[in-house]
Amino acid sequence: AFKAAVLIQQWYRRYVARLEMRRRCTWRIFQSIEYACEQDQIKLHNFFSYLMDHFTPSSSKERDFISRMFISGESFKEAELEKYCDYESMEVPDTYTGPRLSFPLLPDHATALLEAFKQKQQLHARYVLNLLHETRKHLKQLPNISHVSTCYSEEVTVCGDLHGQLDDLFLIFYKNGLPSPSKSYVFNGDFVDRGKQSLEILIILFTFLLIYPKEVHLNRGNHEDHMVNLRYGFTKEVMQKYKVHGKKILKMIQNVFCWLPLATLIDQKVLVIHGGISDTTDLDMLEKIQRNKFISVLRGKKRKESNRNVEIQEINGESKVEADPAGNEAALSLCPQPRPTEAPSMANKLEFSRWVRQTVQEQIEWCRRLVDISESEEEELTYSSVVSLTDLDGPCWTRQEEWKQASNILWSDPMPQEGCRVNTVRGGGCYFGPDVTGKILEKYNLQFLIRSHECKQEGYEFCHNRKVLTIFSASNYYEIGSNRGAYVKLGPDLVPHFVQYQANKTAHNLTMTQRQGFPVALISRVEESAFRALREKLFAHTSALISAFKAYDKDNTGRITLSNWATAVESVLHLGLPWRMLRPQLVRSTADGMLEYKSWLDDLAMEQRSQEHIQSSLLEVIYRNRSNLETIFRIIDRDHSGLISFEEFHQTWKLFSSHMNIELTDDGINDLVRSIDFNKDGNIDFNEFLEAFRLVKQSQ
C-alpha cells in the first residue's frame, strides 16, 4: 500500500509538472506574438514618420492633406474643436429608450448607465459628446501626477488593464463595490482596444470621474493613443457603433486621452504608473511637462527640436537680444528670434527648398509667439501651464527629453537583470532592473511601484524583491481560461491585498462532471488556440523559412535535423520561444531525427488556405501583412468612413512614390486608382485595397 501511494504521488507530481509546463509554453507563445505585433506597429509608425520627414509637398493642398493625415487632433484649436463637436445642436428623438444624462452628473446617472450597458443598450451620441466635453474640462485642471490619500477613505483600489472587457469591470464593481466617497479607485490605463466594449468602459469611468472627482483617478496607458487605436480595434469599434457621429466622438476622445494624468501617488509612498520607469525617470520633470502636447506618445516632436534648443539657450541667459524701450524684454527673451542657418548650395534644389521652408516657418513661429498666438490651442490656463509659468527660473528640458519621460512611463517593463536598456521586444520604452527601481524609490522616498501593462497568469505578480507590483485586470485576455484578472486594495498601512477573478460565462455553465476536468480542458483549449496562432505566424514567413532551412541543407536533400529546424525558425521569427520543447506540437516525430521541411511547410499551407483559388505564396503574404495593411488603410482613411477617396489615395501615392523614387504622372495615378475601384463607386474599401495588393503580388 505504501509503495502504491508513493507511485501515485510520483505520477501525480509528474502530471502536474507537465501541465504547468504546457501552461507556461502556451503563455510564452501568446506573449511573444503580442509583443511582436506591438513592435510591428511602432516600425510602421516610424516608417510613415520617415516618409514625412523626407517628403516635400509641391502645393498647399498636398501640405494640408499630409498634415491632416498624420497630425490629426493636434491641428484643432480650442474654438474649432468645440464647434466641430457641437453636441448641443443634436436632437435626441422621442423614440430613444436609452439612458439620458444631465449635468452635473449624479450617482443615479451612473447606475442607469450600468444597467443600460448590461442590457446592451447604447448611449446617444449627444450624451457621449457632452460627457467627453465635461471630462475634458475636468482633466485639464488636474496635475500630471494625481495625489491620493488613504486618510479620506478606508482603502484605495487599484485596477490594471481592462482592454475593452466590460464584464471584468462589472465583476470588479460587484465584488468591491461602486466608487463612492468611502471607496476610492485608481484605474491604471489601457481601458480600450482588443475588447469589444471599450467605449462603454470609457463612458462608465468618465461618468464616475465626474461624479466623484476626488475618489476616482485615471492614469494614461500606452493604448490611450490614437495611433495605437488604429491598429488594435478601438477606432473601428467607435465607427461601427456611431456611424453618423463617430468621427466627432473619436476626435474628442483623442483630445481627452492626451489630458489624462500620467501617474498617481498614494500617500506619497506608492507610485502608480502604467508601464514603468527608466534610469532617467524624473518625477519633477514629469510633474511639469505639458502632457496634452503628446497626442500620440509614439511620435516624438523631432521637427521642432532645433527651435526648442535655441529657445532654451535664450531662457538660460544666453540671449543676445537687447531689451526694447517699450518694455518687451521679457517677451523677447521668452520668444527669441530664430537665427537662420547658413543656406545650402543652390545646386541641391531639394535641400535649398527645405531650408527656405524651415526658415520661413521659424520666422512665422517667432511672430506668433510675440503676439501670443498659439499654434495649437488658444485655451485657459491649465495646471501644467501654470506650473510651467511659475518655474521659468528652473531647468528647461527639450521636447525630446519630455517625450522620452512620457514614453518610458507608458511603455517600459521590468527585467530581472541589473541596469536599463532599450525595450526591443515591444519596440518602445525600456527594460529596467532592480537597481534602477531601488534608486528611484530611494530618491523619492517611495515604498514600492504599482504598474500594469503586462498580462499575468494570476492577475498580479511581484518582482524586484517585491518592490514592483504588476496588476492586470482583464481576465481571459488571450483566450478563455488563459489568465485570471485581479485588483489590489491598499489601506493606511499600504499592505497590498489582492482579489482575483475570472469573468468566464463558459465556466459558470459547466456541469459537475465537466468541472472536475476543467483545468485540463481549459489548458487544452488555450494551448490549441496558442499553437493555431503560432502556425499562422510560421506560415506567414514561409519564404524566409525556406531560405533559412536551405542554409542548413547544403546538399539540397530537402531534409534537415530537428535541431537545425529549431535554430532556423528562431532566426526568422525572433520570438524567443523554446522551439525544441514546442517541436512535438508543430512537427511530426521522425525515426531518424530528420525533417522534410518542404512537406512540413505544405502541411502548414493546407491548414491556412481558406480559398482554393488563392495560391499559398499569395496567402502567405496576406497573412504576414494584413495587420499592417489594415493600419495603413485606416491612416489614409482620415475621416474613418471605411472608404478611401480618390483624393486621399492620390496624395498618399505621391508620398510613397517620392520615397521609392518612382515618377508617375497625375493621369497615371488616376488610372491606378480607377483600376483598384472594382465596383466603380468612386471609393476604395478595404476589400478592394486588399484585393489590389493580392493581384500585385500575383503578377510579380
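**Surface, strand and salt-bridge features of the predicted model**

The model is predicted, so local features need pLDDT of at least 70 and side-chain atom pairs count only at pLDDT 80 or more, while totals for chains, interfaces and linings use all residues. Residues are numbered from 1 along each chain as its sequence is written, and side-chain values use heavy atoms, with hydrogens and water left out.

Val16 belongs to helix α1 (residues 2–53); helices (H or I, at least four residues) and strands (E, at least two) are DSSP runs numbered from the N terminus. Val16 is partly exposed because its relative accessibility is 36%, where buried means under 20% relative accessible area, exposed over 50% and partly exposed in between (1.4 Å probe, protein chains only). Helix α1 also holds Glu20 and Arg23, which lie three residues apart, about one turn of the helix. These two residues, Glu20 and Arg23, form a salt bridge in which the closest N and O atoms are 3.3 Å apart; the term denotes a side-chain nitrogen of Lys or Arg within 4 Å of a carboxyl oxygen of Asp or Glu. Both partners are partly exposed, Glu20 at 27% relative accessibility and Arg23 with a relative accessible area of 26%.

By this rule, 20 salt bridges are counted. In helix α5, Lys137 and Glu134 are likewise placed three residues apart, about one turn of the helix, and their side chains meet in a salt bridge (3.7 Å, N to O). Lys137 is partly exposed, with a relative accessible area of 41%. Another salt bridge brings together the side chains of Asp603 and Arg588 (3.4 Å, N to O). Because Asp603 lies in helix α24 (residues 597–608) and Arg588 in the loop between α23 (579–586) and β16 (594–596), this pair ties together parts that are 15 residues apart in sequence. Asp603 is partly exposed at 31% relative accessibility, whereas Arg588 is exposed, with a relative accessible area of 66%. A network of salt bridges links Asp413, Arg426, Arg451, Glu454, Lys456 and Glu461.

Strand β3 (residues 184–187) is covered on both faces, with Ser184 and Val186 buried on one side and Tyr185 and Phe187 buried on the other. In a regular strand, side chains alternate between the two faces of the sheet. Strand β3 pairs in the parallel sense with strand β2 (residues 156–159) over four bridges, pairing being assigned if DSSP finds at least two bridges between two strands. Strand β3 also runs parallel to strand β4 (residues 216–218), to which three bridges join it. Phe187 of β3 stands opposite Cys159, and its bridge partner in β4 is Leu218. Cys159 is buried, with a relative accessible area of 0%.

A search of the whole structure finds zero disulfides, defined as pairs of cysteine sulfur atoms within 2.5 Å. Cys455 is buried, with a relative accessible area of 3%.

Several backbone features lie in loops. A cis peptide bond, with omega about 5°, joins Phe103 and Pro104; Pro104 is in the loop between α3 (78–84) and α4 (107–118). Asp267 is a residue other than glycine with a positive phi, near 55°, and is placed in the loop between β5 (263–266) and β6 (270–272). The phi of His453 is also positive, near 75°, and this residue lies in the loop between β10 (448–451) and β11 (460–463). Asp267 is partly exposed, with a relative accessible area of 21%, whereas His453 is buried at 4% relative accessibility.
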